[in-house]
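Grab a pencil and have a go at these exercises on how two chains meet. Try each task before you read its solution.

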Amino acid sequence: MKRRFFLAALVIMASSTVKAQDVPLVADLSNHLVAITTGFTGTDVLLFGATDGPGDIAVVVRGPATDVPVRRKERFGPIWVNGSSVDFVEVPSYYRVASNKPLEDIAPQLLLSRFQIGLENIRMTPDQEELDAELVQEFREAVVRLKLNEDLYDEGLGAVNLMSNRLFRTELHFPAHVPTGTYLVEVYLFRNGQITSAEIVPLTISKIGVGAEIYDFAYNWAPFYGLISVLLAAAAGWAASAAFRRI
Amino acid sequence: MQIYLPIAEMSVNIFLVLGLGGVVGLLSGLFGVGGGFLMTPLLIFVGIPPGVAVGTQSVQIVASSVSGVLAHMRRGNVDFHMGAVLTGGGVLGSLLGVLLFNLLKQTGHIDLTISLGYVIFLGAVGGFMMMESLPGAMKRKPVNLALASRGPGQHMWMHGLPFKMRFRRSKLYVSAIVPAAIGMLVGLLVALMGVGGGFLMVPAMIYLLGMPTQVVIGTSLLQITFVTAVTGLLQASINHSVDVVLAVLLLLVAVFGAQIGARLAGKIKGEHLRIMLAALVLLVAFRLALELVLTPADVFSIGDGETP
């Protein structure tokens, strides 16, 4: 449906005989399902769309929210041991923001913060109150830094290509260890520092094939999975000794 | 070529995993060791989460010990009565170990526990092997004799314990508490470190229980087979830390490596190889110790999060 919409928009713009229509922003993904198969090594999904005129585009991709325990190592004699920790609730497991220019040139901080656009605007709430604000800030920065290193967070300012102020596109990267679940791709159209229009495109990332079935079986039928694994190993050991005894 | 491991939730190079399995299998066949104490740290170096490395390893040891125990059973070198007591203690230790594993995982200390455990055990095992090998043949015999002369008769405290049992095959009449306790300690090691525990159990059976040497290996393998099987089952059920794809990949090559290694063992001079194995063990221990001591690149780390 959306794709047809986009095609229609393209045709309209290409002919440029019709004026801007009712919808100021349309966007879609080249792929709505990322399948993690046995050979999965990460993938790129193309986000593309069109606007009804000049404006700035910001794209935010959010993975499923999880609780994140963050730990800080401290010296304990000669070795480093996990010491103090802060647990953040409902932090996006994956977060990627892309825009056509630096975010501060697009919209005021207040607006970016409200919509959680930009790495420093991701909301992270500790599960306990009365924590030192400075400490929380330090742990919060650690989450962003670690997720950036893991390629699960990213900020691509300038990664959105705008063409003739109408068409835009950007590549969204999903690494090999991307968490599974339902992702939301939010596309914002800004004009004069205000959000003029927004669109949300869902994206599903799921394990497909043998790997997925093994994972499901291992979690839903854990004792049977364990039993089969052990029996498989025992059979392999027996077969090997039987085979080599003959040689 | 990359392959996705469903439980470790990461993709690894398939040839790297096969190579690791083959080399460790070869070494285990060559030296008659389980190989778990080498495989688990190597898997961790490759980037497999330590918990998954330990859980998967317990399943893999089942395979290597099954073929070993079958060979010993054919020769009648297994004391089933003693094996049952050792296994009983081992199962209890394994259950405790898996629960402790779960607790440490939640509090964020499991990686440290595994690494620290390996530094201590590999350091000790490698150190002893090095000391025994380096002075060469002249010094080795007196050391062995000194140890062997400490017969069971000296352990008076042991004979005062209750629940005495007769073990016919081992020609022993001892309290069941001692083998059960040995088995339990080994079970704990299997669950926490992903090793078979033979390196601990065999000396304990010889010097502490005073078992005849020819039944020691077979009986210890019987215990290892059952205890690693139970541990694998528990790890999969409670901690979801057994990656069957990884286990099968390692198995496929390790069983062949072990058989080739066993054949090579008679042809190669043991003395030099023993020193090399000791050096390898110490190197792995050193590498693990270094990671614990050096200032980490980032003192912060993210633990396993629950999905709300």
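Two strands pair if DSSP finds at least two bridges between them. Helices (H or I, at least four residues) and strands (E, at least two) are DSSP runs, numbered from the N terminus.

The model is predicted: local features need pLDDT of at least 70, side-chain atom pairs count only at pLDDT 80 or more, and totals for chains, interfaces and linings use all residues. Residues are numbered from 1 along each chain as its sequence is written, while chains are lettered from A and ligands numbered from 1 in the order in which they are written.

**Exercise 1.** Work out which strand of chain B pairs with strand 5 of chain A, and in which sense.

*Solution.*
- Start at A:Arg72, which stands opposite B:Phe300 in strand 5 of chain B.
- Now widen the view: strand 5 (residues 65–76) of chain A and strand 5 of chain B pair in the antiparallel sense over 3 bridges.

**Exercise 2.** Find the order of the strands in the open sheet, and explain why one side of each edge strand has no neighbour.

*Solution.*
- Within chain A, strand 5 pairs with strand 6 (residues 79–92), antiparallel, over 10 bridges; here A:Val70 sits opposite A:Val86.
- Put together, the 4 strands run 8(A)-6(A)-5(A)-5(B), with antiparallel pairing.
- Strand 8 (125–126) of chain A and strand 5 of chain B are at the edges with a single partner strand each, so one side of each lacks a neighbour in the sheet.

**Exercise 3.** Say how many residues each chain gives to the contact.

*Solution.*
- Two residues are in contact if their C-beta atoms, placed from the backbone, lie within 7 Å.
- Chain A gives 48 residues and chain B gives 47.
- On chain B's side, helix 3 supplies the largest share, 9 residues.
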